[in-house]
Structures are given as C-alpha cells and as structure tokens.
Amino acid sequence: MLMARNMGSYDVPEGVDIRGRFDEEFGKILTRDALQFVADLQREFRGRIRYALECRREAKKRYNSGELPGFDPATKFIREGDWVCAPVPPAVEDRTVEITGPVDRKMIINALNSGAKVFMADFEDSLSPSWENLMRGHVNLRDAVNGTISFHDQARNRVYKLNNKIARLFVRPRGWHLPESHILIDGEPATGCLVDFGLYFFHNHATFRATQGAGFGPFFYLPKMEHSREAKIWNCVFERAEKFAGIGQGSIRATVLIETLPAVFQMNEILHELRDHSIGLNCGRWDYIFSYVKTFQGHPDRLLPDRVQVGMTQHFMRSYSDLLIRTCHRRGVHAMGGMAAQIPIRDNPAANEAALELVRKDKLREVRAGHDGTWAAHPGLIPAILEAFASNMGNKPNQIQTAEREDADCITEEDLLQRPRGVRTMEGLRLNTRVGIQYIAAWLTGTGSVPLYNLMEDAATAEISRVQNWQWLKYGVVLDGEGVKVKVTLDLFARVVEEEMAKIEREVGAEKFGRGMYKEACEIFTKQCTAPELDDFLTLDAYNKIIVHHPKVSSRL
C-alpha cells in the first residue's frame, strides 16, 4: 500500500483503468468524479457508436461496389421543411475569423490574443494524441477558461499571458472512430471524443458559461461525421451532459465540420438532429478532398489531379460551399468557410505578399458567396481576413439573414460529384510523398501541426497525400508531363520514396534527420500507400506507435 502511494496513482471509479503515466497535475483533471462522468457517457452510448461505425463500413462496401452517395429519399421531408435551429447565442454572433491550432500552452495564449473572434482548440487533426499532449491540453484549457494561463518561454525569456480581450473558445474533440487506449472502461479503450468532451465539459462548463459564454456554452466543433445518425448521438451526449450539470437544454452549442463526401448530402438532417444545439456548419475542405478519394476508392474513373489543383474553383468544391451556405442560412445558423493554411514567409517579402494575395482572393470569394466567417492557421493572416470580411459585410456580425443563396436550391447530386479537372504529375507524386513522410515523422514525435513549404500541414493534408498516392498506384495512373508519359508503378514509387527521403535529409540536415523518426514515418507511409486495401485513417495505424502504457497501480490497494 505504501509503495502504491509513493509511485502515485489515479483515484478511479469502478471499471475504469488508467494506463497513462501518473502526474499530480493530470490527477486534477482525472478526478474520480470526472472519470465517472466519462465512464457513464461511454456506457450509455458505446452501443450506438459501434452501430454508427458499422453503418460507415456498410456504406463503404456499397460505394466500393459502384454505388454513388446521394440525398436520402426517406428524409426529403426534413430537407423541404421550414424548421429552423435555435437562435444563435449573442456571444458568438460574430465569427468572421477563427484561428485553429492544438492545445499547446503557448499556442492557446497566442491564439486567444490573436485578434480572431474564435479560437478552436484542437484535440483532433492538429494534435498528436499522446498521453502527455492530451492531458497537458486539458490542464491548459482549464487554466485558459479560468483566466490564469501563462507561459514562460525560457529561450526568449518572455512571459505570455492573456490580454483583456480574447477570442471565444471552441473545442474540437476527436472523431467517433478514434480510441483512447490509455483509458480503459470495462476493459475496452474509451472512445476518444467522449474523453475529450467529457473531461473538458466536466471541469469548465460552469466557469465558461459565467465568463465567455454569457450564459451559453461550452462551444464545440464536431469532426468527421458521415451521417445524421452520428449527429444524433452527439445531441444525446449534449442533453445528457446538460442534465448532469443542471443547465438548460440548448446551452451547449456546436458547429459541425462538413468534411466527408457522404455528409454533404446530410447537411439538413445533421442540423435537424442538432437543432437545439447547433450554431452552424463549416467547410472542412482538406478532409473533404481526402474523403472524395476515399469514397471513390473503387472507382477508377474518378482519379484526382495533383492536390494543389483541387481548390474551391473546382465545380464540385464550389457546389459544396454554396449548398452549405444555403442550408445554414435557411436554418438560421453560421456557414463557416475553409482554412487559409498559408504562414508568413519572413525571409522573402515578395513571396509573402504573393501568399497574402492568395488568402485575400480566397476570403473575398468566401464572403461574397455568403459565408459568415472563415478559418486561419496563423495570426499573421488575421488582419487581411478581417479586412476582406468587413469590407463586404459592413457592420453586420454575420450574413445569416442577408445572404439567403436561394439560387443554390438547384444544386444537384451531379454538381456535388462532378469529376475534378486537372493534371497528374511527377511533381505531385513527389510532393505527396515528401509532405506525407515529414508530417508522420513529426506526428510520431508529438507534433500534429507542422509548417512545411510555407503551409501549415495537419492530418488532413497528410491524408490527401496518402490516399492520392494509393489511388495512383492502384490504378497505374499515367502521369502528365513533358516528353515521355510515366506510369505510376511500385518500382517507380520505391524510387521516388528513396529520392524524397534523401531530399528531406538535405532539407532538415543530417543531425535532425538522424534524431527524428523519418525512417519509421517512411515505413508507415510506404506501407499505407502500397496496401492492397485502403486504410480508413492514417492516424489509426500510426496511433499504435505512440501509445505508452504504464504499469497498473490500483488506487484501491
């Protein structure tokens, strides 16, 4: 008993086992009551989550056999009904620019101070979900909500603290498919998003509502959904949490990322399920491109061009954006635009201005189309984005009532599925390989948001790189280019991997290359690109490489 106390252990309720490293600060998050709340959510909803994931697998089989996604005739009455969602809370009427990033302590402070209207703290695509990252993230968010967060950068001898005026805080938990293998509930890994949601809500709902939310909140972003049945589970989780906390139904509010191709046909249904808890939809465009390839993995007639050519000017992407705006505004909620992934190029003013001009054009397109706000990956983009929105929206906080976009009612299934146009090149294959390997190497060492070639890359762009390589290999794509046509084969890909690894080593330097996990990342990326069957998610396979279990020490000895 004395030994257990000296080693340290978490006080866990019946049926819960913590396999992550013990830390006193983590123990203030992993309290017995908080873990009981998470366990109750897991036990109540695990059957429905399993069913929803099984439905995803069945849908994949249908798509692989030739079926196309489309609008569900059974829910036509929802799409054609005149219902609206609950009114937008005053605290989040203005969401013209939102900044996103992982739950790193310095990142949280800088993002809240950035001048953005909203900061989305991310447990998902921009976070490598190691035990340390997750638990420190919850400590950081608790301190941010309490207003006590600070960070001493010893290298710069600078202390970071919150300004008087900060962005509204949203939190994005992981998707339904990701487990949390450091927390076992009744002998099984917990569902990652219920851990993320449950711990954050339990510790912060009261303070958040009293300070940031003006009586509402907490606020969330919900990722990776494919069907309204998944939104219904979230709605029930929210109702369960509100009842537990003794707060009014509809206090919790969430924006859903439309970042899978099947979900674009379910937007009305998703909002309908969440209508008491919804504050809009977001164009998660990078994951959407990934999902297009994944959905059509069995369709050799739907091969994507180089990923740099798949932008919002492509007909299927523009149709997706326009229909999202129409759907949201018809239902009285925000239609959020996509990510500006550019980062400042400090050593090249001309290149930096060219990148900023691309951002301005993209954001002017979004605001003129009717979007109410948009995303930025870096604080340096915020002034240009705010200017673009302010110059087109006047003094209004959003365009929900003014940009109805009734013309988008004529968008068809064919519009949303139109094949993208463009070329496939050797440079596209090389860039996919170089970005994919470098991202995985960073992810394996604890970093989920990585600046590469003047863009901020996260799991979504790494997924595009992976599935596009897989698609080109599977169907033996002939690449466009000058002179002789080149077919993508396993031998060609092996040569490209070898050459790009050498290029990565030159770029990062031999010392960093030797210290890093580039070889392990190369092995994972190559295996995924050459697998006979396409894995659903890169991070599911890579996650097994970052799980660190500690010996079980029972707190009830």
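I began with F197: beyond its neighbours within four places in sequence, this residue is in contact (heavy atoms within 4.5 Å) with L41, P173, F220, W234, V237, F238, A241 and I252. I noted that the model is predicted, with local features requiring pLDDT of at least 70, side-chain atom pairs counting only at pLDDT 80 or more, and totals for chains, interfaces and linings using all residues. Residues are numbered from 1 along each chain as its sequence is written, and side-chain values use heavy atoms, with hydrogens and water left out.

I then looked up the nonpolar cores, which are sets of buried Ala, Val, Leu, Ile, Met, Phe, Trp, Tyr and Cys residues joined through side-chain atoms within 4.5 Å; buried means under 20% relative accessible area with a 1.4 Å probe, protein chains only. The largest core has 116 residues, and F197, W234 and I258 touch the most other members. Another core, of 37 residues, lies apart from it and includes L303, L429, V488 and V497.

Six of its six residues are buried, so strand 2 is largely enclosed by the rest of the structure. I found parallel pairing (at least two DSSP bridges) with strand 13 (residues 373-376) over three bridges, where V97 stands opposite T374. Strand 2 also pairs in the parallel sense with strand 3 (residues 118-122), over five bridges, and P102 stands opposite D122 there.

Methods:
Buried < 20%, exposed > 50% of the residue type's maximum accessible area, 1.4 Å probe, protein only. Helix = DSSP H or I, 4+ residues; strand = E, 2+ residues; numbered from the N terminus.
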